[in-house]
Amino acid sequence: MARPLGPVRLKKASPVTLAIGAVFTILVLYFLIGSSAPDFSASRKASAASHPLSPPTSPFRKSTGGGKPKAPPVAHYNLNNVTITSDPLGNRENILLLTPMARFYQQYWDNLLKLSYPHELITLGFILPKTKEGNAATTELQKQIAKTQKSGPEKDRFKSIIILRQDFDPPLQSQDEAERHKIQNQKIRRAAMAKARNSLLFTTLGPATSWVLWLDADVIETPSDLIQDLAAHNKPVIAPNCFQRFYNTEKKAMDERPYDFNNWQDSPTAVELAKKMGPDDILLEGYADMATYRALMAYMHKTDGLRQETVPLDGVGGAALLVKADVHRDGAMFPPFSFYHLIETEGFAKMAKRLGWQPFGLPNYKVFFFFCLFLLGGRMLLLTGR
């Protein structure tokens, strides 16, 4: 026969047990609610676009709720309120960093992450060719973007990132330096580069952009304060000096040499050569077969020179180039045709000057190109640095 149960006495929970339970509950709620959206700071939330058709230079967060998406907003912009000053950091000015990319170099991406300018004010834009190498570069680029934007520290995440694929076939299938720099390949190669730059620029230039920084995909070493340093001069167009590290067999040590010869001051010889050319012919720099006797910024570098020294330029290269957004808004682009016998970046400099914007260069401020070439047994070897 079952015995009737008496009154049941519950054991009183200790304060420690209650505290542990409360902490556990809070953690569960945090992960359930907080994991639905990335970790955006207040400033990122304030500038986030409310619709995917908003300007591509604005960060966009997908809605976590269901239902029909909202209609595209009608946005109003007053370009008079967009500042372009010598203190972009203090005025929180937006930077558009654009890179035509045929190959992906990890050192390039690592260098971007080291830039000290707030990444939440930097939009990245890329354009890649539809080739085997371009496909491989796109895959590697997307891996790094996902790693940075999704799981990286918030300070490393960029405001927004745009990737474009070229809608035309590249004129050269090989990106090897020997092939790329043949004089007979320059016009078609530079024309294709100009088209790529223009497509990238016109697609990504937003109404809130203050500065456009052009940075080639094989420039892998710059000062971390590159943007602040260049903008501090408050010039409409300004280029640092691009050098290349290499192993000097005579010195038996690493050395460096000038690399970008498209930053130059014009010469009477070049002017006379242009007068004798046909309307579609172009002048090229750095070739013995076409001696222009221009003053090249590459050779203006002084070991003991002032880093902030500036010189006026008539032609510029695109390895590293900071441009006020208003210069592009005024219509200065990269001509894919002979423009006063100049093409691409050098043609851009000429166009900027015709619009009243004088380009400048920094002969003693150096950035470095990717690989190092040196001679060994009559052969050129490539050091990737990997």
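Which residue meets Arg-294 in a salt bridge through its side chain? The points below take up this matter after an outline of the chain.

1. **The model as a whole.** The structure is a predicted model. The protein chain contains ten helices and 14 strands. Of its 386 residues, 44% count as buried. Among the contacts between residues at least 6 apart in sequence, 75% join residues at least 24 apart.

2. **The salt bridge of the opening question.** The partner of Arg-294 is Asp-266, and the N to O distance of this salt bridge is 3.5 Å. Asp-266 stands in the loop between strand 8 (264–265) and helix 8 (268–275), while Arg-294 stands in the loop between helix 8 and strand 9 (295–296); the pair thus links parts of the chain 28 residues apart. Asp-266 is partly exposed, at 37% relative accessible area, whereas Arg-294 is buried, at 8%.

3. The structure holds 18 salt bridges. In one of the salt bridges, Arg-197 pairs with Asp-216, with 3.3 Å between the closest N and O atoms. Arg-197 belongs to helix 6 (residues 186–204) and Asp-216 to the loop between strand 4 (209–215) and strand 5 (219–221), so the pair ties together parts 19 residues apart in sequence. Arg-197 has a relative accessible area of 2% and is buried; Asp-216 has 17%, and because buried means under 20%, Asp-216 is buried as well.

4. **A network and a further pair.** Salt bridges with shared partners join Arg-190, Arg-197, Asp-216, Glu-344 and Glu-346 into one network. Another salt bridge is formed by Arg-245 and Glu-256, whose closest N and O atoms are 3.5 Å apart. Arg-245 lies in strand 6 (residues 237–248) and Glu-256 in strand 7 (residues 253–258), eleven residues apart. Arg-245 is partly exposed at 30% relative accessible area, and Glu-256 is partly exposed at 26%.

5. **Helix 10.** Two members of the network, Glu-344 and Glu-346, are among the buried residues of helix 10. This helix (residues 344–354) is mostly covered, with eight of its eleven residues buried. Just after helix 10, Gly-356 takes a positive phi of about 95°.

6. In soluble globular proteins, nonpolar side chains tend to be buried together. In this model the largest nonpolar core has 42 residues, and those with the most contacts inside it are Leu-97, Tyr-108, Trp-109 and Leu-112. Strand 12 (residues 359–369) supplies the largest share of this core, five residues. A second, separate core of 26 residues includes Ile-127, Leu-200, Leu-313 and Leu-321. Beyond its neighbours within four places in sequence, Leu-97 is in contact with Tyr-108, Leu-112, Leu-115, Ile-122, Thr-123, Leu-124, Gly-125, Leu-213 and Leu-215.

7. **The cavity.** The structure holds one cavity of 30 Å³ or more. The space in the largest cavity is about 50 Å³. Its lining consists of Thr-57, Asn-94, Ile-95, Leu-96, Leu-121, Thr-123, Lys-159, Ala-208 and Thr-209. By type, the lining residues divide into four nonpolar, four polar and one charged. Strand 1 (residues 94–100) gives the most to the lining, with three residues. Thr-123, one of the lining residues, is also in contact with Leu-97.

8. Where does Thr-83 lie? Thr-83 is found in the loop between helix 2 (42–47) and strand 1. At 34% relative accessibility, this residue counts as partly exposed. Thr-83 and Glu-93 are ten residues apart in sequence, and their C-alpha atoms are 6.8 Å apart in space. Leaving aside neighbours within four places in sequence, Thr-83 is in contact with Asn-91, Glu-93 and Ser-210.

How values were computed
Residues are numbered from 1 along each chain as its sequence is written. This is a predicted model: local features need pLDDT of at least 70, side-chain atom pairs count only at pLDDT 80 or more; totals for chains, interfaces and linings use all residues. Side-chain values use heavy atoms; hydrogens and water are left out. On a 1 Å grid over the protein atoms alone, a cavity is a set of points where a 1.4 Å probe fits but cannot get out, and a pocket is an open set with protein on both sides within 12 Å along at least five of seven lines; lining residues have an atom within 4 Å of a point. Grid points are joined across faces, edges and corners, and a volume is the space filled by probe spheres set on the points. Helices (H or I, at least four residues) and strands (E, at least two) are DSSP runs, numbered from the N terminus. Ala, Val, Leu, Ile, Met, Phe, Trp, Tyr, Cys and Pro count as nonpolar, Asp, Glu, Lys and Arg as charged, and the others, Gly among them, as polar. A nonpolar core is a set of buried Ala, Val, Leu, Ile, Met, Phe, Trp, Tyr and Cys residues joined through side-chain atoms within 4.5 Å. Buried means under 20% relative accessible area, exposed over 50%, partly exposed in between (1.4 Å probe, protein chains only). Contact means heavy atoms within 4.5 Å. A salt bridge is a side-chain nitrogen of Lys or Arg within 4 Å of a carboxyl oxygen of Asp or Glu.
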